[in-house]
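Biologist: I've got this one open on my screen. Talk me through it, please.

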Amino acid sequence: MAVAPPSSSFVAFPPAAEAGRVIFGKNSTRPRDEVQEVVYFPCAEYEPGAQVECTYITINQAPRTHAVVLSRPAWLWGAEMGANEHGVCIANAAVVAREPGARTEALLGMDLVRLGVERGSTAKTALDTIVSLLEEHGQGGNYSEDRNTYHAFHSAFLIADREEGWVLETVGKFWAAERITEGFKCLCRHLSITTNIDAEHPELRSYAQEHGWWSEGHKFNFSEVFSLPDEESSFCSGKEFFGNQEGDLTVQTVIDALRDKETGVCVDSESLLTTSSMVSVLPQSTVSPCVHFFTATPDPARSIFKPFIFVDNVKLVPQAQSPCFGEEDPVKIQPRFESKVDRRHELYKAHEWALTVIDSEEEPGQKLKETMLDLEKQGLKAMEDMLLSTEPLDPAEVADLFYDCVDTEIKFYKQGVPF
C-alpha cells in the first residue's frame, strides 16, 4: 500500500491565534519536479444542465460559483489548497486507511477542494458540498502525473472561515467530521478524528459493523475503526512545532512554521518537496478583509509569501500560471501520462535560476536572499497596517496586489541572476 506524503495543514482560532483572527496555513508536499501554479477564477453563473470537466470525470455544474484563488499542481483541475471571496479556506491531505484508495477514476480529493471553495459560502456549506459530491461520485484515480507510480489515496480536508473550522476525513464515500471553534488543529497523514464526531455519513457505523470492525455497545472511535490494524499514528509535524509556541500565533509565526525543516513541516527529501505554500488571515470582524499569502514556488524556506485580497476586477497573474496544453495535454490523452510536458511558469523559472545563486553561499546569493526577505517583510507590514486601519479598503489599491508582488519578485531575480 502506498505511503501518504506528509501533511502540514493547520488552523488556529483564538486563543491559539492572536485575538480576533483565524490563521490558516498549508504546505503542499508533492513530487519534487511537480510545478504548482496560483490561479484566480472570478465568480460565474451557469445555465441549467451545464457541466464541469474535473481532472478525470465530468459532473453537473452549480448554478453559481464563487470567486476563488487556488494553489494547485499544474496538471490537474482541482487544487491542494485555496480560498474564496467569502473567506472560506480549504486544504487537502492524502490519508491511508484499512481499505486501499480506489484506482477507479472519480473525483480526486484535490477536485473536492476546488468544488468546496467554488460552491461553499461558509465552512459548513463547503463541508456539505464536499460530502454530497463524494457520496454521489466517489473518489479515486492517480494522485501523481506518472503512470509508473500509481498512487490512490483517501482524503482529509481542513475547512475554515472567520467563525468556525471543520476537519473532514474520508474512507471511500464514508466520512466523519469534527467542528473547531477555538484552539489549534492540524491534518495528519493518518486518520485523526477519534470519538469527537460532530457529523458523519448516515451509514458509517453500520458499514463498520458489517465488516466486523466495530460492534454496537462499544464506543465508536473513527480513527481506530477505519485505520489499518496495528498502525502506529504518525506524528503531526505542525503539532511538534507549535507545541513550542506560547499561543497568540501570528502570520509570521505560521510562515516560520511552514519554513521549518527540522520538525518536518517543510519537506525537502530525495523524492518529495514542499512545492507551494499558503497562509491566510481571516479577521473575525467582517469589517476587515481576509488576506491570503501564496508562494507559487517550491520550498518556502527559499520563497517569498505574496498577498492576495478578493476585490472586484482582480488582475490575473499569467507569470504564476503554467502553460495550457488543451486537449493535447498528456493528462487528457488516453492512456494517460504517456509523456510529460514542461509546465514551468515564468515565476517558477525565475525562482529556479535564482536558487543557483542563493545556494552558492557567496555574497551575491546572500544579498539576493536578503532582498527576498525584505520584499516579503514589506508586504507583511503593508497588510498588517491595512488590517489595523479604520479606513475602508479601497479596491483599486489591491486589485493588482498579487500581480505587482509577482512582477517585482521576478525583477529582483533578474537583477541578481544573469539570465
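This is a predicted model: local features need pLDDT of at least 70, side-chain atom pairs count only at pLDDT 80 or more; totals for chains, interfaces and linings use all residues.

Biologist: Let's start with H6: how many of its residues are buried?

Modeller: Six of the eight residues in helix H6 (251–258) are buried, so the helix is mostly covered. Helices here are DSSP runs of H or I with at least four residues, strands are E runs of at least two, and both are numbered from the N terminus. Buried means under 20% relative accessible area, exposed means over 50%, and partly exposed is in between, using a 1.4 Å probe and protein chains only.

Biologist: Which ones are buried?

Modeller: Val251, Thr253, Val254, Ile255, Ala257 and Leu258.

Biologist: OK. Which strands make up the six-stranded sheet, and in what order?

Modeller: The order is E14-E1-E2-E16-E17-E18, in an open sheet with antiparallel pairing. Two strands count as paired if DSSP finds at least two bridges between them.

Biologist: Which strands are at the edges?

Modeller: E14 (183–187) and E18; each has a single partner strand, so one side of each is left without a neighbour in the sheet. On average, neighbouring strands of this sheet are turned by 15° against each other, direction ignored.

Biologist: How many bridges hold E16 and E17?

Modeller: Four, in the antiparallel sense. Val281 has Val291 in E17 as its bridge partner.

Biologist: Where does H6 come in?

Modeller: H6 packs on that sheet, touching E1 (8–13), E2 (21–31), E16 and E17, and its direction makes about 170° with that of E16. Contact means heavy atoms within 4.5 Å; axes are lines fitted to C-alpha atoms, for helices over the stretch in contact, with angles from 0 to 180 degrees between N-to-C directions.

Biologist: What does its side chain make a polar contact with?

Modeller: The side chain of Ser71, at 3.0 Å. A polar contact is a pair of N or O atoms within 3.5 Å; within protein, one must be able to donate a hydrogen and the other to accept it, and residues adjacent in sequence count only if both atoms are side-chain atoms. Beyond four places in sequence, the residues touching Ser276 include Lys26, Gln36, Met81 and Thr297.

Biologist: What about Pro289: buried or exposed?

Modeller: Pro289 is buried, at 15% relative accessible area, and it is found in the loop between E16 (272–283) and E17 (291–294). The C-alpha of Pro289 is 8.4 Å from that of Gly87, 202 residues apart along the chain.

Biologist: Switching topic, what's the eight-stranded sheet like?

Modeller: It's open and antiparallel, in the order E3-E8-E9-E10-E11-E12-E13-E15. The edges are E3 (36–41) and E15 (199–200), each pairing on one side only.

Biologist: Which helix lies across E3 and E8?

Modeller: H1 (109–119), which also lies across E9, E10 and E11 (154–160) and runs at about 165° to E10. H2 (123–137) packs on the sheet as well, touching E10, E11, E12 (165–171) and E13 (174–180), at about 10° to E12.

Biologist: How many residues are in the largest nonpolar core?

Modeller: 88, and Phe220, Phe222, Phe226, Val279 and Phe293 have the most contacts inside it. A second, separate core of 42 residues includes Val39, Leu76, Trp77 and Phe157. A nonpolar core is a set of buried Ala, Val, Leu, Ile, Met, Phe, Trp, Tyr and Cys residues joined through side-chain atoms within 4.5 Å.

Conventions:
Residues are numbered from 1 along each chain as its sequence is written. Side-chain values use heavy atoms; hydrogens and water are left out.
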